[in-house]
Each structure stands twice: as C-alpha cells, then as structure tokens.
Amino acid sequence: FNSQDSFRKNQTAIQIAKLSKQCEQVIILSHDANFLKQVQEKIHGETIRAFHLVPIGTDNTRIDEMDLDLFLKSGLQKLMNTLQMYSTDISSIKADDAVQKIRPLLEGYCRNRCMGIFTDANMLGEMLGQIKEGGAAHPLSDIYEELDEINDYSCKFHHPQGSSYSPVVDTTELLGYVKRTLRLVGAS
C-alpha cells in the first residue's frame with residue numbers, strides 16, 4: 001500500500017468485500033490496521049477475525065487473536081479501557097499494570113482540558129504546581145485536591161526511591177484509586 005492513495009485503498013477494500021461473498025474464506029495479510037478495519041466495515045454478515053504475530057523471546061513467534069477496534073483506539077482510550085476493566089474485575093489486569101496507567105491517563109486528561117496551558121512535556125506534578133499557582137482562576141482548580149490526592153498515591157509507583165525499592169500494590173487500595181481516577185475523567 002506504500003504507493004496507493006486513499007482512493008486505491010478503498011477500491012481494494014471494496015474488491016476484497018466482493019470476493020468474500022464468493023469464497024468460503026479470505027485471508028488478508030497487512031501491516032496496516034486501518035486498512036483491515038476499512039475492509040471489516042465493508043463485509044456484512046460474515047464472521048471476521050483479526051490476528052497478529054506476537055514475538056516470543058528472540059527466535060519464536062505465535063499467532064494471537066486481536067481486537068482490531070481496541071488496537072486502533074487512542075492512547076487515552078486504551079488507558080481508560082484498562083482501568084475500567086480493572087475496576088470491574090481486578091483479576092483481569094495485573095495490579096502493577098493498572099497502577100501504571102493512572103498518571104498517564106490523568107496527564108492526558110489535563111492536557112486535553114487545558115491545551116493552551118499544558119504541553120506534552122508537563123508531567124502531573126508540574127501540572128499540579130501550575131494549578132495551585134493559578135488558584136481559583138485556573139481551569140482545573142475545581143479538581144486540584146482530587147488530582148493531588150491521586151498523584152500522592154500513584155507517584156510512588158512511577159518514581160521508585162532507588163533501584164532496590166519496589167512498592168507492593170495493595171489491590172483493594174488500588175481499586176479505590178482506579179475508581180476515583182475514572183470518576184475524575186468522566187469514565188466511570
């Protein structure tokens with residue numbers, strides 16, 4: 001597809017959809033997930049499954065089924081999905097993975113709400129400093145305390161106090177902070 005424009009890609013997707021009505025099975029190999037989604041949207045009434053290659057070590061690969069919609073979601077949506085899954089079933093996501101999603105989600109949320117104020121370089125601690133300094137006039141002043149409390153909890157898992165320090169995640173405590181985070185960003 002390197003040399004195909006959008007029109008040619010769409011025409012190829014249409015032809016594959018037509019072909020799928022004439023065959024028992026069609027297999028498409030592509031590095032372009034957006035193209036695969038385009039084909040998927042054109043095929044109606046058929047079972048469609050997407051797979052991807054997963055490296056195992058340095059010499060092996062396995063084939064796993066994948067959720068194409070989830071793969072194509074934005075980074076913030078993926079973070080929210082992970083925390084939402086954890087909030088409904090703590091055994092579905094490793095606690096260490098879930099706790100690592102809190103700060104990036106909050107940072108992205110703050111950047112989106114204050115695009116002219118925060119940049120990609122601003123981390124949550126810096127953002128909190130700017131909000132505090134701005135006082136009641138800052139657009140995020142109404143959520144400062146909640147952000148600060150969640151930051152206080154989550155920072156120990158993002159900024160270990162040395163190479164030998166590895167805090168243990170209490171799943172009950174994490175669940176509470178995950179729910180608070182989701183409420184704060186409007187995803188609960």
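This is a predicted model: local features need pLDDT of at least 70, side-chain atom pairs count only at pLDDT 80 or more; totals for chains, interfaces and linings use all residues.

L29 counts as exposed because its relative accessibility is 80%. Exposed means over 50% relative accessible area, buried means under 20%, and partly exposed lies in between, with a 1.4 Å probe and protein chains only. L29 sits in the loop between α1 and α2. Helices are DSSP runs of H or I with at least four residues, numbered from the N terminus.

Residues are numbered from 1 along each chain as its sequence is written, and side-chain values use heavy atoms, leaving out hydrogens and water.

**The loop and helix α1**

D32 also belongs to the loop between α1 and α2. D32 is buried, because its relative accessible area is 19%. Its side chain makes a polar contact of 3.0 Å with the side chain of K9. A polar contact is a pair of N or O atoms within 3.5 Å; within protein, one must be able to donate a hydrogen and the other to accept it, and residues adjacent in sequence count only if both atoms are side-chain atoms.

S20 lies in helix α1. At 12% relative accessibility, S20 is buried. The side chain of S20 reaches the backbone oxygen of A17 at 2.6 Å. Neighbours within four places in sequence aside, S20 touches V26 and I43. Contact here means heavy atoms within 4.5 Å. The C-alpha atoms of S20 and H44 are separated by 9.7 Å, and the two residues are 24 apart along the chain.

| Pair | Residue ranges | Axis angle | Axis distance |
|---|---|---|---|
| α1 and α2 | 6–22 and 33–42 | about 45° | 9 Å |
| α5 and α6 | 95–113 and 124–134 | roughly 45° | within 10 Å |

Axes are lines fitted to C-alpha atoms, for helices over the stretch in contact, and angles run from 0 to 180 degrees between N-to-C directions.

Helices α1 and α2 pack at an angle of about 45°. That makes α1 oblique to α2. Angles under 35 degrees count as roughly parallel, over 145 as roughly antiparallel, 65 to 115 as roughly perpendicular, and the rest as oblique. The crossing of α1 over α2 is right-handed. A crossing is right-handed if the near helix is turned clockwise from the far one by less than a right angle, and left-handed if anticlockwise. From α1, the contact uses K9, N10, T12, A13, I14, I16 and A17; from α2, it uses F35, Q38, V39 and K42. These contact residues comprise six nonpolar, three polar and two charged. Ala, Val, Leu, Ile, Met, Phe, Trp, Tyr, Cys and Pro count as nonpolar, Asp, Glu, Lys and Arg as charged, and the others, Gly among them, as polar.

The axes of α5 and α6 cross at roughly 45°. The two helices are therefore oblique to each other. Here the crossing is left-handed. R103, L106, E107, C110 and R111 of α5 meet L124, G125 and M127 of α6. The contact divides into four nonpolar, one polar and three charged residues.

**Helix α8**

T181 is placed in helix α8, residues 171–184. T181 counts as buried because its relative accessibility is 0%. Apart from neighbours within four places in sequence, T181 contacts L83, I102, L105, L106 and I150.
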